[in-house]
Amino acid sequence: MTTDADGWMAADQPIVSPNGNRVAYAWFDYHAQSTTVELRVANIDGSGIRSVYQRSDIGQIWPAAWTSDGSQILTYLEAENDGIELALISVDDEQVRYLEGFGNDWWPNGIAISPDDSAVLYDAPSRDDPLQ
């Protein structure tokens, strides 16, 4: 994390690609005049940093898992008014495929992608008792 007179910047939630060559991470740039949240990818040695997704209207972004071929990253997005969404973000062409919306009540836990990339799995609270 770095700070200056107007705000701060930080990297968080790193996840290593299946082949071990790259790392994806959340990048937060909070300043008085603007806020930017990004999903970034870098080579494992720290070179080749680039943004694959960037928005100023969301509060959080968390990379959760890579697809088995390393071409997409399953990501949580927390929009101010839209709640939590899961999306697959392409590393190569930055295309976004929204998968599921959860509102503002809870975050899915224990998220994973099946080995053949055919399903996204996560824990959800009981509909009767959201604290379970």
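Modeller: This is a predicted model. The protein chain has eleven strands and zero helices, and along the sequence the pattern is β-β-β-β-β-β-β-β-β-β-β.

Colleague: How much of the protein chain is buried?

Modeller: Buried residues account for 40% of its 132 residues. The accessible surface of the protein chain is about 7,500 Å², with 45% of that belonging to carbon and sulfur atoms.

Colleague: Why is S90 called buried?

Modeller: The cut-off for buried is under 20% relative accessible area. S90 has 12%, so S90 is buried. S90 lies in strand β8.

Colleague: What makes the pair S90 and D92 a polar contact?

Modeller: A polar contact needs N or O atoms within 3.5 Å. The side chain of S90 reaches the backbone nitrogen of D92 at 3.4 Å, so the distance meets the limit. Leaving aside residues up to four places away in sequence, S90 touches V52, S71, Q72 and Q95.

Colleague: Which residues have the most contacts inside the largest nonpolar core?

Modeller: They are L39, I61 and I73, in a core of 29 residues. Elements giving two or more residues to this core include β3 (22-31), β4 (35-43) and β8 (83-90). Nonpolar side chains tend to be buried together in soluble globular proteins.

Colleague: What does L39 touch, not counting residues up to four places away in sequence?

Modeller: Among the residues L39 touches are I61 and I73, along with A24, V52 and I89.

Definitions and conventions:
Residues are numbered from 1 along each chain as its sequence is written. This is a predicted model: local features need pLDDT of at least 70, side-chain atom pairs count only at pLDDT 80 or more; totals for chains, interfaces and linings use all residues. Side-chain values use heavy atoms; hydrogens and water are left out. Helices (H or I, at least four residues) and strands (E, at least two) are DSSP runs, numbered from the N terminus. Buried means under 20% relative accessible area, exposed over 50%, partly exposed in between (1.4 Å probe, protein chains only). Accessible areas come from the Shrake-Rupley method with a 1.4 Å probe; for residues, only the protein chains shown count as cover. A nonpolar core is a set of buried Ala, Val, Leu, Ile, Met, Phe, Trp, Tyr and Cys residues joined through side-chain atoms within 4.5 Å. Contact means heavy atoms within 4.5 Å. A polar contact is a pair of N or O atoms within 3.5 Å; within protein, one must be able to donate a hydrogen and the other to accept it, and residues adjacent in sequence count only if both atoms are side-chain atoms.
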